[in-house]
Amino acid sequence: MAFEPPRRLVRALGETAPEGDDWLEKLPGLAREAVERRELTVERVQLPGGRSSLVVLVRRADGTPAVLKLAPPRARPESELVALAHWGGRGAVQLLEPVSEGAEGVLLLERLHPDVSVRTLPEAKALLEAAGTLRRLWVDPPEGHVFETVAERTGRQAKAMRAGADAAPEVAPLVDAALSAREELLDSPPEHRLLHGTFRQSKVLSGDRMPWLAVGPDPVVGEHAFDLARLVRDRVEDLIAQPSGATTTRRRVRRLAESLEVDRDRLRGWTLFRAVESGVRARRVGRERDAELLLEFASWL
């Protein structure tokens, strides 16, 4: 089978690829090797797929359905592997082989229903189910972990945000507000837990073992509000289209904070930071429409 990477993956990786990165060129060979070594039968490449990995629907030698996932080093697949092993299927997709067998960004996972995420539910129900799934993931990290911390990750992002503000002065006030919020939030974090890192409705898929399970973490260690902040802006295009979008956003912050026992001001602060960071990054790679939506959303906070 020809393991042709989906256009969505090619486009997304192309936006962030460092000079000389040839992972996409090597991908078909890496996929064939991973399939042969595990004696898998390939059904199809999942389309449109993700923005950071190739997802292949396969069957194991005994006929069990599974998913083979291949990700480049810059997507930190080794961190995903360790986090999934630590969660052990509680709230997240199950890893089907020992951590020691995962190599070169290859993960073998239980098969969920890839076309059914909580995003297919009505908005209120989707937020409820997503929040319940997220709560199960918030556990103490393993001893001696090597996961990135929220301070480290946002520190890298803050440098790029400052550069973005220098290049586009009109976004400078929002960037300044976001960076100020970050400094205050990092001063006294209330907990240090293992977080999903990139949680949103589309990352929660229907399963057979449990109704809903999270996929695609970019794990990080820090406070709950950081993880929940990405969920606040889900369906941002719908929020922007509403005459009452700003009011709905503030109500969502309050309800999510109350339902997961997170401080409302801390959730608002991390939501602001993450929305501005995403908006500045979208502008940097030429996704002007996404940048416009995210920065307008951030201005409501």
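Select W270 to begin: it is buried, with a relative accessible area of 0%. Buried here means under 20% relative accessible area, exposed means over 50%, and partly exposed lies in between (1.4 Å probe, protein chains only).

This is a predicted model, where local features need pLDDT of at least 70, side-chain atom pairs count only at pLDDT 80 or more, and totals for chains, interfaces and linings use all residues. Residues are numbered from 1 along each chain as its sequence is written, and side-chain values use heavy atoms, leaving out hydrogens and water.

**Stop 1**

Rings of Phe, Tyr and Trp (its six-membered ring) pair if their centres lie within 6.5 Å; planes under 30 degrees apart count as stacked, over 60 as edge-to-face, and the rest as tilted. The count by this rule is 3 aromatic pairs. F226 and W270 form one that is edge-to-face, at 5.2 Å centre to centre and 85 degrees between the planes. This pair links distant parts of the chain: F226 sits in helix α7 and W270 in helix α10, 44 residues apart. Helices (H or I, at least four residues) and strands (E, at least two) are DSSP runs, numbered from the N terminus. F226 and W270 are both buried.

W270 and F273 share helix α10, 3 residues apart, about one turn of the helix. F273 is buried too, at a relative accessible area of 0%.

Next, show R274. Its charged end sits over the ring of F226, 4.2 Å from the centre. The rule for that: NZ of Lys or CZ of Arg within 6 Å of the ring centre and within 35 degrees of the ring normal.

**Stop 2: elsewhere on α10**

Move to E277, also in helix α10. Is E277 buried or exposed? E277 is buried, with a relative accessible area of 10%. Leaving out residues up to four places away in sequence, E277 touches Q157 and M161. Contact means heavy atoms within 4.5 Å.

**Stop 3: helix α11**

Select residues 288-299. The 12 residues of α11 should span 16 Å at 1.5 Å a residue, and the end C-alpha atoms are 16 Å apart, which agrees. The expected span is 1.5 Å times one less than the number of residues. Colour A291, L293, L294, L295, F297 and A298: these are the buried residues of α11. They pack against α6 (172-187), α7 (224-232), α8 (236-241), α9 (245-259) and α10 (264-284).

**Stop 4: V215**

Go to the loop between β8 (212-214) and β9 (220-222), where V215 lies. V215 is buried, with a relative accessible area of 19%. Beyond its neighbours within four places in sequence, V215 contacts V93, L112, H196, K203 and L205.

**Stop 5: backbone details**

Select L47 and P48. A cis peptide bond joins them, with omega about 0 degrees. P48 lies in the loop between β1 (41-45) and β2 (54-59).

R76 comes next, in the loop between β3 (65-70) and α3 (77-87). Its phi is near 55 degrees, a positive value in a residue other than glycine. R76 counts as partly exposed, at 23% relative accessibility.

Finish at E261, in the loop between α9 and α10. Phi of E261 is likewise near 55 degrees, positive in a non-glycine residue. E261 is exposed, with a relative accessible area of 70%.
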